[in-house]
Amino acid sequence: MRSSNPFVIGVNGLLGRTGVTRSVTVIGPMEVDLARVEGCGPVTADLIIEATVGGLLVRGEARADLILKCNRCLRAVDFRSASPVSQVYGDRPDDQIGGIDDEGNIDLSLVIHDELCLSVPLLTLCSEFCRGICPMCGVDLNEGTCPGHAETTESPFAALEAWLGASLDLAESTEIGSSSS
Ligand SMILES: [Zn+2]
Ligand SMILES: [Zn+2]
């Protein structure tokens, strides 16, 4: 009985025929179990399965469009994942990945899932200029400012800038007077 899991492939025709290869493309939905990933579109994997002595070697690439979160402001960020896949399946099943089951199937979902997870960057930013959110009131500082919180938390030099700004204002007012628009 074949599983309805699209990442399970029957390999009976390859077993024991060392050197014979078969190209397969598998497409299916996948839940990515990683906190940094908000969503995952359909996964497409183009693979070559090669019969080896005592098993199979699966090589290729898995691709998916992921939705990540900006580390600074939590906005959704699109990310296209393209991960190399290389996995050996043998008679002696790997605890994690599994092997060739009694019916001659291999399950590629775990290895594809793990490769997708590895492709997710540790740091995701919506823009290198992302200003983040105000830790005091939660306002997205890319969209507006919160008077009072933003400047003090934005930069370690904010206090210095504020001091310099005040000095300049003072210098201007003493030189030119207090005329302003
Ligand atoms: Zn951001
Ligand atoms: Zn604020």
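The protein chain of this predicted model has an average pLDDT of 84, and 77% of the residues score at least 70. Its secondary structure consists of three helices and seven strands. Along the sequence these elements follow the pattern β-β-β-β-β-β-β-α-α-α.

**Confidence**

- Strand β2 (residues 21-28) has the highest confidence in the protein chain, at a mean of 97, while helix α2 (residues 150-154) has the lowest, at 51.
- Residues 176-181 have a pLDDT below 50, and this stretch makes one contact in the model beyond near neighbours in sequence.

**Burial and contacts**

- The protein chain has 181 residues, of which 17% count as buried.
- Among contacts in the protein chain with a separation of 6 or more, 56% are between residues 24 or more positions apart.

**Nonpolar core**

- The largest nonpolar core has 23 residues, and the members that touch the most other members are V11, L56, I106, L108 and I112.
- Two or more residues of this core come from each of β3 (37-40), β4, β5 and α1.
- Strand β5 gives the largest share of this core, with six residues.
- Leaving aside residues up to four places away in sequence, V11 touches I49, L56, I100, G104, N105 and I106.

**Helix α1**

- Helix α1 spans residues 109-119, and its buried residues are S109, V111, I112, E115 and L116.
- The cover over the buried residues of α1 includes β4 (43-52), β5 (55-69), β6 and β7.

- L74 is in the loop between β5 and β6.
- The phi of L74 is near 70°, which is a positive value in a residue other than glycine.
- L74 counts as partly exposed because it has 14 C-beta neighbours inside 10 Å, a count between the limits of 12 or fewer for exposed and 20 or more for buried.
- G99 lies in the loop between β6 (76-90) and β7 (105-107).
- G99 is also partly exposed, because 16 other C-beta atoms are within 10 Å.
- G99 and V88 are eleven residues apart in sequence, and their C-alpha atoms are 8.5 Å apart in space.

Key:
Residues numbered from 1 in each chain as written. Chains lettered and ligands numbered in written order. Predicted model: local features only at pLDDT ≥ 70, side-chain atom pairs only at ≥ 80, totals over all residues. Helix = DSSP H or I, 4+ residues; strand = E, 2+ residues; numbered from the N terminus. pLDDT = per-residue confidence, 0-100. Contact = placed C-beta atoms within 7 Å. Core = buried A, V, L, I, M, F, W, Y, C linked by C-beta atoms within 7 Å.
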